[in-house]
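This report considers a protein structure through selected contacts between its secondary-structure elements and side chains. The sequence and the coordinates are shown first.

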Amino acid sequence: MGMRTMKRMPANAKIANRLFVAAAGLSASSPILFLLLITGIVLVQSIPALRWMGWHFLTGITWNMGSVYGAMTVKNGVTAPAGASYGALPFIVGTLASSAIALVIAIPISLGTAMILAYRVRGVVKSALSIVVELLAGVPSVVLGLWGVVVLAPWVSSALGPFLTHFGPAIPFLKGPVGTGMGLLTSGLVLALMVIPIITATTRDLLERVPLHYREGGVALGMTNWEVVRHICLPHIRDGMIGSIALGWGRAMGETMAVLMVSGSAVNMLPHNLYSPISTMAAVIADQLDSAMTDASHMAVHALSALALVLLMLTLLTNLAARLLVNRSRGSRRIDLGVRV
Amino acid sequence: MLVGLADLFWTVLAKGVASFHFSMLTTVTHGIAGGLQNAILGTFELILLSTAIAAPLGILGGVYVSEFAHTKSAAAVRFLTEVLSGVPSIVIGYFGYLTMVLSFGWGFSALAGGMALAIIMLPYILRTTEVSLEQVPRSQREGAWALGMTRFQAVSRVVWRPAAGGIATGVLTAIAIGMGETAPLLYTAGWSSLNPTWQLTGHQVGYLTYVIWTYIDQPYPEAHALAYSAALLLLGIILIIHLVVRFLVHQSTGSARRHSLASYVRWIRSHASGVSASSAKRASATSTYRIRTR
């Protein structure tokens with residue numbers, strides 16, 4: 001690599017080079033640093049709440065700061081206001097249920113759209129449809145929440161909900177009352193809109209990478225288009241597809257604003273039907289930090305931290321699994337610009 | 001999905017246009033009514049700060065991963081950066097609250113909000129930088145090294161040029177994402193109905209997404225008008241950024257090769273005196289050869 005010319009290099013160019021590589025190395029390690037700091041601080045901050053509640057943190061239903069201005073009690077070596085109880089089960093259930101509904105709605109739509117984009121359309125139609133998917137990815141969650149409050153919730157309350165209650169005799173979870181429309185179903189619908197672009201973009205990318213001669217082989221065997229997709233393409237991209245779904249799931253669980261706006265902010269209760277108000281972990285953190293600051297023992301803040309810890313663990317696990325699956329099946333590295341992947 | 005999206009845009013557009021007044025751009029929020037000037041300026045201040053933090057970190061980090069890192073450490077950084085982008089934004093906001101607002105004593109402030117946004121934007125900038133640099137052919141680096149450039153000079157004078165469009169795309173995408181965020185700002189930036197000052201700590205700032213979130217819950221039509229107008233403005237800005245991004249991507253994929261060659265030649269012309277004469281001559285010979293064969 002031209003060592004002789006390197007020797008003639010002015011000394012300050014060498015110093016600039018060293019400085020640059022060092023600065024670049026530091027910058028490259030900053031995401032890792034942030035990740036470690038976030039996990040570490042959330043973990044340390046949640047220890048008092050976890051000691052206070054023990055395993056009941058995961059199984060309890062009551063979320064109560066206790067009498068903040070009353071006497072303090074000491075339990076398991078930590079201090080909190082009398083009557084404080086932090087049971088996160090409703091929020092964990094709300095998070096899992098709303099994201100599950102989102103996936104049930106989003107998976108068929110996303111896979112269908114991805115197949116259409118990858119195989120069925122080209123030219124203007126293709127770029128128009130992909131722009132639509134990208135636009136959907138670009139809509140801020142708070143704007144989706146606004147739409148959810150103004151349009152979707154009334155529609156769920158007056159049209160979709162009453163329609164679904166007809167299936168109540170067969171599936172008890174669909175029984176009414178429908179309520180205001182702010183609740184589990186609306187949260188799931190809004191989340192589905194946020195998840196669709198993620199699954200669509202990744203799956204489409206994977207479908208376009210299926211080698212052409214595999215598909216040609218299928219056609220030569222006399223398969224129909226659908227059979228080619230079903231028996232050749234989908235098995236080929238299976239890992240990546242599951243990964244992209246996990247990616248969307250992680251995002252649905254971590255979404256805050258849209259859900260906060262349409263979930264109905266339920267506390268101390270588990271959802272009893274598809275329309276009942278819920279709260280998710282992310283929404284509770286955003287909603288309650290204000291009042292948690294009034295707790296002089298800081299136990300309320302620690303409890304929110306524990307909630308953040310559970311959420312972080314869930315999303316990190318799904319993300320780790322998703323990235324491994326997607327990267328393994330994607331082969332070469334490429335990310336879709338403009339889409340949160 | 002299409003119906004939902006169309007209805008979303010229609011709702012925001014119709015209600016936004018109906019409630020928008022140009023005076024909103026020049027007045028600040030009073031109680032439940034007034035204008036959006038404080039929120040618009042606050043959003044810009046936050047974005048400016050977060051970009052000033054995230055863009056250098058992300059671009060330098062991307063350069064390191066693509067140009068200097070060993071395969072294994074590059075894979076580790078890449079993977080963990082993707083994982084960081086999966087951390088829920090409210091957790092990042094909560095982290096910012098515990099550290100910057102409380103421990104560092106910055107209070108609800110522009111700097112705390114900007115840092116929280118920067119953590120969210122960083123992964124996108126880093127990854128797009130890395131990907132755009134990896135698409136630059138290796139021969140360009142080899143050419144630069146053969147001219148006796150250090151690795152820094154090779155990156156700063158040759159390799160970045162064909163990747164510039166891609167890097168700009170990453171930064172713009174990150175800005176669009178940052179603009180739409182609310183959750184990380186709730187407990188770092190706070191809210192203020194005054195125009196932002198340039199004091200980075202100790203003063204709360206307003207931002208557009210907060211207006212949408214809070215004012216749609218108020219029972220007053222004036223408050224709703226503010227929320228719809230803020231949504232319209234935000235969606236408009238973000239759409240424009242996405243269009244610019246599409247245009248940039250289109251441009252840079254089409255002309256990457258031509259562009260990079262041109263930059264190569266330009267470098268040789270302007271810096272020939274800095275390197276030894278013989279290598280410059282050799283290089284210019286190669287470049288003329290390349291241009292002819294293209």
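The model is predicted: local features need pLDDT of at least 70, side-chain atom pairs count only at pLDDT 80 or more, and totals for chains, interfaces and linings use all residues. Residues are numbered from 1 along each chain as its sequence is written, chains are lettered from A and ligands numbered from 1 in the order in which they are written, and side-chain values use heavy atoms, without hydrogens and water.

**Helix contact between the chains**

Helices here are DSSP runs of H or I with at least four residues, and strands are E runs of at least two.

Leu57(B) lies in helix 2 of chain B. Beyond neighbours within four places in sequence, Leu57(B) is in contact with Ser27(A), Ser30(A) and Leu122(B). The C-alpha atoms of Leu57(B) and Pro123(B) are 9.7 Å apart, although 66 residues separate the two in sequence.

**Aromatic pairs**

Over all chains, 14 aromatic pairs are found (ring centres within 6.5 Å). Tyr97(B) and Phe108(B) form a stacked pair, because their centres are 6.4 Å apart and their planes lie at 25° (stacked: under 30 degrees). Tyr97(B) belongs to helix 4 of chain B, and Phe108(B) to the loop between helix 4 and helix 5. Ring pairs also link Phe20(A), Tyr64(B), Phe68(B) and Phe152(B) into a cluster.

The table lists relative accessible areas (buried under 20%, exposed over 50%, partly exposed in between; 1.4 Å probe, protein chains only).

| Residue | Relative accessible area | Class |
|---|---|---|
| Leu57(B) | 23% | partly exposed |
| Tyr97(B) | 4% | buried |
| Phe108(B) | 22% | partly exposed |

**Hairpin in chain A**

Strand 2 (residues 72-75) and strand 3 (residues 78-81) of chain A run antiparallel and are joined by 4 bridges (pairing needs at least two DSSP bridges). Lys75(A) has Val78(A) as its bridge partner. Of the 2 residues between the strands, Asn76(A) takes a positive phi near 55°.

Technical notes:
Contact means heavy atoms within 4.5 Å. Rings of Phe, Tyr and Trp (its six-membered ring) pair if their centres lie within 6.5 Å; planes under 30 degrees apart count as stacked, over 60 as edge-to-face and the rest as tilted.
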